[in-house]
Amino acid sequence: MSKFDKYFLMKDADAIEYAQLKVPQKNWDVATMESKEIGDGNLNYVFKVKDAKGNSVIVKQAGIELRISKDMHIDVDRNRVESEILILQGELAPGYVPEIYDYDVEMHACCMQDLSDHEVMRPAMLQHKIFPKFADQISTFMAQTLMGTTDIVMDHQEKKKYQKKFISPDLCDITEQLVYTEPYNDERGRNNVFPPNAEFVKEKLYNDEELHLEVAKLKMDFMTRAQSLIHGDLHTGSIFINEESTMVFDPEFCMYGVMGYDIGNVIANMIFAWCNGDVTDDKPFCEWVESVIVDVINMTMDKMSKYYDEHVTDTMCKTKGYKEYYMKSILADTSAVTGLEMIRRTVGMANVKDLTTIGDEKARTRAERICITAAIDFIKNRDDKACGKCFLRTLKEAVAAVDA
């Protein structure tokens with residue numbers, strides 16, 4: 001009987017044994033194997049196991065408790081969902097996700113390709129690194145994985161099976177609370193509000209009933225519109241990158257939802273990066289980020305439109321004018337989620353280092369106000385966003401408003 005036949009939370013020594021058992025094709029040099037826990041997220045434990053021969057693997061195990069709060073428990077089946085979604089995404093968009101070697105239902109762990117020749121994008125953005133191919137690559141990934149799992153192109157019965165298969169009520173509840181509820185009322189007292197912005201947040205977020213109404217509409221959309229199989233947490237901390245390649249990982253929040261949820265997350269996190277670069281007046285970096293904001297929107301929409309034309313199967317979706325209606329709704333959803341993500345990462349429970357590492361109090365106060373001001377426009381005026389330049393204009397107008 002194997003020690004891994006029953007769930008327990010692994011340590012480094014366990015991960016070494018586990019890699020030998022689950023990934024024997026690596027032909028490990030057992031004597032030189034070592035492991036290091038490298039996880040910096042809130043949900044999982046991530047071990048990098050390697051040997052002196054150059055073999056390596058990532059072992060990712062689901063924890064029962066959130067690492068940020070022992071009072072929050074979630075279903076460990078999420079890593080099964082993640083493994084299966086990465087395999088599916090690898091079929092829809094080859095070369096944009098890590099290879100899965102093994103998934104274990106007992107230990108709730110998976111073994112996947114080590115991407116040590118890449119780096120996590122958020123720390124790279126904090127160093128103001130530029131990746132010229134990113135916009136083209138992330139837009140290809142989103143267009144192919146999102147459009148490829150819609151009723152537009154899929155057999156409807158097969159799509160409904162996906163809906164049932166790729167769902168985690170616990171993780172959906174986290175999103176419903178942390179993205180769509182608490183940033184607007186702090187009903188559980190878990191928001192992290194930068195003290196100099198406390199009154200600003202109260203006025204702009206907690207006391208704005210018009211904003212609350214729009215967010216309520218968006219929350220119900222998120223909970224009820226099964227448009228596409230989304231990543232569900234597609235920020236710069238879920239992307240490995242180098243100058244030649246973009247690799248998406250960590251899709252454990254995947255579910256059927258609106259496509260704009262993924263696209264909006266990417267745009268929001270690019271705006272966070274812009275704010276960080278703006279503090280140090282890093283013009284080349286900020287100009288590149290601005291081009292990414294415009295290009296990700298335009299490229300994704302163009303590629304989705306082409307995918308629609310080439311793969312549409314539903315008879316009614318071939319009706320003249322429907323594609324234009326459908327694509328416009330994706331843009332509106334993208335705008336709304338851009339705003340939601342910017343607000344929740346600025347004042348909610350899980351902040352972003354792009355903002356929290358700004359050491360100067362006045363500079364951070366300003367950056368956060370820019371994010372909140374732009375976010376409100378992205379939400380309230382989501383139907384007005386027609387192209388990438390509209391998204392960039394909203395950011396620039398927020399800067400002008402805050403600096404006035």
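**Cavities, pocket and sheets**

Guide: The largest cavity holds about 50 Å³ of space. A cavity here is a set of points on a 1 Å grid, over the protein atoms alone, where a 1.4 Å probe fits but cannot get out. Grid points are joined across faces, edges and corners, and the volume is the space filled by probe spheres set on the points. This is a predicted model: local features need pLDDT of at least 70, side-chain atom pairs count only at pLDDT 80 or more, and totals for chains, interfaces and linings use all residues. Residues are numbered from 1 along each chain as its sequence is written, and side-chain values use heavy atoms, with hydrogens and water left out.

Visitor: Which residues line the largest cavity?

Guide: Ser168, Leu171, Cys172, Thr175, Phe222, Ile230, Gly232, Glu252, Phe253, Cys254, Met255 and Tyr261. A lining residue has an atom within 4 Å of a point.

Visitor: Which helix gives the most to that lining?

Guide: Helix α6, residues 169-178, with three residues. Helices are DSSP runs of H or I with at least four residues, strands are runs of E with at least two, and both are numbered from the N terminus.

Visitor: How does the lining of the largest cavity divide by class?

Guide: Eight nonpolar, three polar and one charged. Ala, Val, Leu, Ile, Met, Phe, Trp, Tyr, Cys and Pro count as nonpolar, Asp, Glu, Lys and Arg as charged, and the others, Gly among them, as polar.

Visitor: How many cavities of 30 Å³ or more are there?

Guide: Two. Helices α8 and α11 are the elements that give two or more residues to its lining. By class, the lining has six nonpolar, no polar and two charged residues.

Visitor: Now pockets. What is the volume of the second largest pocket?

Guide: About 250 Å³. A pocket is an open set of points with protein on both sides within 12 Å along at least five of seven lines. The second largest pocket has 13 lining residues, with Arg225, Tyr325, Ser329, Ala332 and Asp333 nearest its centre. The elements giving two or more residues to this lining are α8 (209-224) and α11 (322-347).

Visitor: Which gives the largest share?

Guide: α11, with seven residues.

Visitor: On to the sheets. What is the strand order in the sheet of five?

Guide: β1-β2-β3-β7-β6, open, with antiparallel pairing. Two strands pair if DSSP finds at least two bridges between them. β1 (34-37) and β6 (100-104) stand at the edges with a single partner strand each, so one side of each has no neighbour in the sheet. The twist averages 20° from one strand to the next.

Visitor: How many bridges join β6 to β7?

Guide: Four, and the strands run antiparallel. Asp104 has Ala109 of β7 as its bridge partner. In the hairpin of β6 and β7, with four residues between the strands, His108 takes a positive phi near 50°.

Visitor: And what does β3 do with β7?

Guide: β3 (56-62) and β7 (109-112) pair in the antiparallel sense over four bridges. Gln61 has Ala109 of β7 as its bridge partner.

Visitor: Which strands does helix α1 lie across?

Guide: Helix α1 (12-22) lies across β1, β2 (44-50), β3, β6 and β7, at about 120° to β1. Contact means heavy atoms within 4.5 Å. Axes are lines fitted to C-alpha atoms, for helices over the stretch in contact, and angles run from 0 to 180 degrees between N-to-C directions. Helix α2 (78-92) lies across β2, β3, β6 and β7, at about 155° to β6.

Visitor: What about the sheet of three strands?

Guide: The order is β8-β10-β11, open and antiparallel. β8 (119-120) and β11 (246-248) are the edge strands, each with a single partner strand, so one side of each is left without a neighbour in the sheet. Three bridges join β10 (239-241) to β11. Phe240 has Met247 of β11 as its bridge partner. Helix α4 (134-147) lies across β10 and β11, at about 35° to β11.

Visitor: Last one. How many helices and strands does the protein have?

Guide: 14 helices and twelve strands. The C-alpha trace spans about 65 × 55 × 40 Å along its principal axes.
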